[in-house]
Amino acid sequence: MTQSHRLNPQPGEVIDRSAPLNFTWNGKRLTGFQGDTIASALMANGVEVVSRSMKYHRPRGYMTADFWDPNGFVQVGDEPNVRSGHRQLTSGITVDPQNVWPSLDYDVKAANGLVGRFLSAGFYYKTFMKPAALWPAFEKVLATFAPGGSVDLDSTPGYYDKRYSHPDVLVAGGGPAGMAAAIAAAESGARVMLVEHEHQLGGHLRWGSTADQASARQLAESVAAAGVEVLTDSTVTGRYEDSWVAVSQRSHAHAVERLIKARAKVLIVAPGLIERPYVFAGNDKPGVMLSGAVRRSIAMYATRPGSRAVVFSGNADGDAAAIDLERVGVDVAAVIDARSGANIVEAHGGAKRVSSVELADGSSIDADLLVVAAGWTAPTSLLNMAGDRPVYDASCARFFPSATIDNVLSCGGIAGDGNFDEIVAHAQATGRLAAERAAAVQHRLQARTARSAPVEFAEPAWPADVRSPLGRDAHPELFQSSTVGMVDFSEDVSSKDLVLAAKEGYDSVELLKRFTTATMGPSQGKLETVNTVAVLADARGETIEEVGTTVWRPPYAPISLGGLAGRMFNPHRVSSIHPWHESNGQIPIQVAAWERPEHYGNPAGEVTNTRTNVGIIDVSPLGKLDLRGPDVPKLLNLLYTNKWSKLPIGGVRYGLMCAEDGVVLDDGVTGRLGEHHYLMTTTSSGAARVWEWAENWLQTEHPDWQVHITPVTTALSSINIAGPKSRELLSRLTSIDLSREAFPYMTLRTGIVAGIDDCIMWRIGFTGELSYEVHVPSGYGLHVWQALIDAGADLGVAPFGLEAQRIMRLEKGHFIVGQDTDGLTLAVSAGVASLIKLDKDDFVGKTELAWALADRMHELPQVVAIQTAAPTVVPTEATQIVRPGTNEILGRITSSRMSPTLGRSICMGQVPSSLAAGGTALELVLVPDGRRVAATVLDTHAHFDPEGARLRA
Amino acid sequence: MLLVPCPYCGPRNSSDLRHVGEAISRPDPNAASPEQWRSYLYLRDNVADWNVETWYCTRGCRKYFKVERNTATNEFRDPPMPGNKIGGKA
């Protein structure tokens, strides 16, 4: 096919005729030019039907032929829902129609159209509601009628990005007003970002007269000269609190889409006006086009939209479209002047295109193009988002901004009418005002920042708005109700549907919108809102002012999910020993941000080796806080439930932390390194939380306490050496006396390990074995680890992972906060009564724990050790515990493992206090089969070595 | 997104901070009645008006500070400068 509908070169065309581009449409090979949109290339090739409508599968052509065209959605390669009126043609792309079956030209679902009057608004709600049991069947059938393209699940993910920006003035809209405002603001000293939705600056000047086009070029040059940052093919999608402005940039050189988060000091809203469709029978037929679409097609893309036209004109732009058409040789059969009361009734036509236009006087004119210029809609979305509630002006048939918002200004068509000079003068005044106000905002922001000396200058007076407002041009109100004409083209909602819905009681505009889905399609009301309101006003016998309008919410134009997600920067934390784990067969596990070895192939073997010989585990993710100051004991006494005043230098103690409601928050070991120097360890996942928690108490409750906290989690690598031969192993790497007498259980020593100074060693026993936890400067973590491996070969040293540690701690009966306790577990339920010291003056959680111990123990659960009667049954964690022989749920299993040491399953769980005594019989309901097994509560938490002989060895 | 006036770092995106909540005073743990204590734990005024709140400057100076915000308009009242005392709910 040749470009049969391409005109001779036009003075303002944006296509490059020296750069032809091949593409396919619906399987046919076609050619367009660089600069074409997909829609303009299709029009140039004489394509008449671009899509089928959503509900009735009516044929659709070009209506606005721009971003907002409800008919222009196409599939491009593996990308669905591409806006053909906006997306520029690129070489070699495959473009296909959507929502057609079996083909665009012959669509069997168009039969829906025959029964269209039965498929009224709410049809789906009303028809498929009952019986509910049949909904899955209905859904399957209806799903095949759903519009939209197809998603290729194998397509390559695109590269998306985000950016932060802090312009003084952000201008939304790059037409004459937006450009003039941006220039004036920049020349007044502001940093300005100008965002234009379309591919070029210039707005409506791009399809205007030669003089208009020259003005657009001149303004664009001045914009560049003024140092304004210009983003084309980018949309200001939302304005949020404190002038937080979201910009979706589609024109980035590398990112498919980039979300710019701009903290603008002042936002100028200059989106211009959007042409409004006219509601009449057949208004969605191919060949019915809005005047702007016709003028863009001719001036920018040099395409011929038809051969014989009728122009329905309510304004100067309709008249101009008629002149443009005649200029390029299209026969203008008639101009129907709406201003003198003439009207059109119906566009008649065959399957593909308009063939004649029926007028109100009963006459009919043959034409294949019906141009409609029925008025304008002010896209006040960004003003809505800033809190403005636009007011309808009947004499102009459109809404205008109402409230003045301090740092959101509007100019251009949205603010009023005027000739080019008037519009530009108003915009320049707006730009200057914006720059002045931005400077005032800047002063406020600086004054809010702490500094040694006060801000030098007094706050400037808030710059007053002294702009002379723009005038308003009269425009006839061209609204029709009770026709079968479409109001919402995306959703196939006619004015009759709206009238019917209003009669059924959906007569508030917000209700009507949601019930009929009018204005809820991809154009998001840009084309449909005012017509919807007008039809409802007529149905209610009221005016548009009385009915009011729906509120436009973000986004102004759709943002892709990729754009919202952007690049994700997730910290991936590994210890300094990680390279060794990687090259020694670790099976990694992600724990919060940390990647650490879950095991090295055989967790049960790792347990046995540790219990028999010696094992080492990398526990670097352990949270570590360095505490200094004379008041550290006061802080520890406040945060932990037990007592810390008498901890000697060189002593180590386990502590449990609660929140103010008595619920277990965290636990860990803290050791005293010096007179005023302590090292606190926290759970690996609680490191950040405990730091903030401690700071909160210090800063807000006890600012007089002298304590300084430094998080040292990553400054120290931590290795636990556990097992009967751990003393022998460590003694080979340090000269510190490790004998039982010199270095007893729950004490610490500092010194040299494997040649590394400033190491901290403490004797604790999470695994239940004789063990030493060594904290070494993290630069030497790998060195010390390797030294332990090398020095202990004859002792059978082997690494163990998190899983082996979890098994051993369960054998030993040590609970894990957050695993065996939950968000409701009070410290008094954790089986650590000796650690709760109510005789302390105060500690966090004391009040609730005292009350719980006094009179609530009977209703609180207890953490207990449990064993099943059948030793080979390992219940799933979260298995329900019931009263034997009944379905009464008593509690749940919180931890469960097969113990390699005992050769049987071992559990920990929560049961009511009344059933917490050793020997109590329980029953477990196994998943998934519901089989029941008997179980018994143990006397102590420890399944293994309850006396603790091994760890005190 | 709110611009929160941190007294040390200056105005910052609220995503840089943690909203701790309404500023509240801790009753004497040894003298409080259960009603007083649980009011401290759980009850907040949740006014649609000026309110004293605590924020924590997570990504900045890591200071806790109190500031007055109008929860209906999201306006912050004169910024808390270092050392400024703003009282919380008794």
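## Burial at A:S297

A residue is buried if 20 or more other C-beta atoms lie within 10 Å of its own. A:S297 has 27 C-beta neighbours inside 10 Å, so A:S297 counts as buried. The model is predicted.

A:S297 sits in helix α7 of chain A, which runs over residues 291-299. Leaving aside residues up to four places away in sequence, the contacts of A:S297 are A:S40, A:M43, A:A65, A:T303 and A:P305.

## Packing of α7(A) on α8(A)

Helix α7(A) packs with helix α8 of chain A, residues 316-327. The angle is about 35°, and the axes are 9 Å apart. The crossing of α7(A) and α8(A) is left-handed.

On the α7(A) side, the contact uses A:S291, A:G292, A:V294, A:R295 and A:I298. On the α8(A) side, A:D317, A:G318, A:A320, A:A321, A:D324 and A:L325 take part. Sorted by class, the contact of α7(A) with α8(A) has 5 nonpolar, 3 polar and 3 charged residues.

## Chain A as a whole

Chain A holds 23 helices and 48 strands. Of its 953 residues, 49% are buried. A:S297 belongs to that buried class.

How does the radius of gyration of chain A stand against that of a compact globule of 953 residues? Chain A has 38 Å, while the globule would have a value near 30 Å. Along the principal axes, the C-alpha atoms of chain A fill a box of roughly 110 × 75 × 60 Å.

Take the contacts in chain A with a separation of 6 or more: 66% of them join residues 24 or more positions apart.

## Where chain B meets chain A

The two chains touch through 22 residues of chain B and 20 residues of chain A. On the chain B side, the elements giving two or more residues are β1 (3-6), β2 (10-13) and α1 (34-42) of chain B. The largest share of that side comes from α1(B), with 3 residues.

Which classes of residue make up the side of chain B that touches chain A? There are 17 nonpolar, 2 polar and 3 charged residues.

Conventions:
Residues numbered from 1 in each chain as written. Chains lettered and ligands numbered in written order. Predicted model: local features only at pLDDT ≥ 70, side-chain atom pairs only at ≥ 80, totals over all residues. Helix = DSSP H or I, 4+ residues; strand = E, 2+ residues; numbered from the N terminus. Rg over C-alpha atoms; globule rule 2.2 N^0.38 Å. Buried ≥ 20, exposed ≤ 12 C-beta atoms within 10 Å, placed from the backbone. Contact = placed C-beta atoms within 7 Å. Nonpolar A, V, L, I, M, F, W, Y, C, P; charged D, E, K, R; others polar. Axes fitted to C-alpha atoms, helices over the stretch in contact; angles between N-to-C directions. Left-handed = near helix turned anticlockwise from the far one by under 90°.
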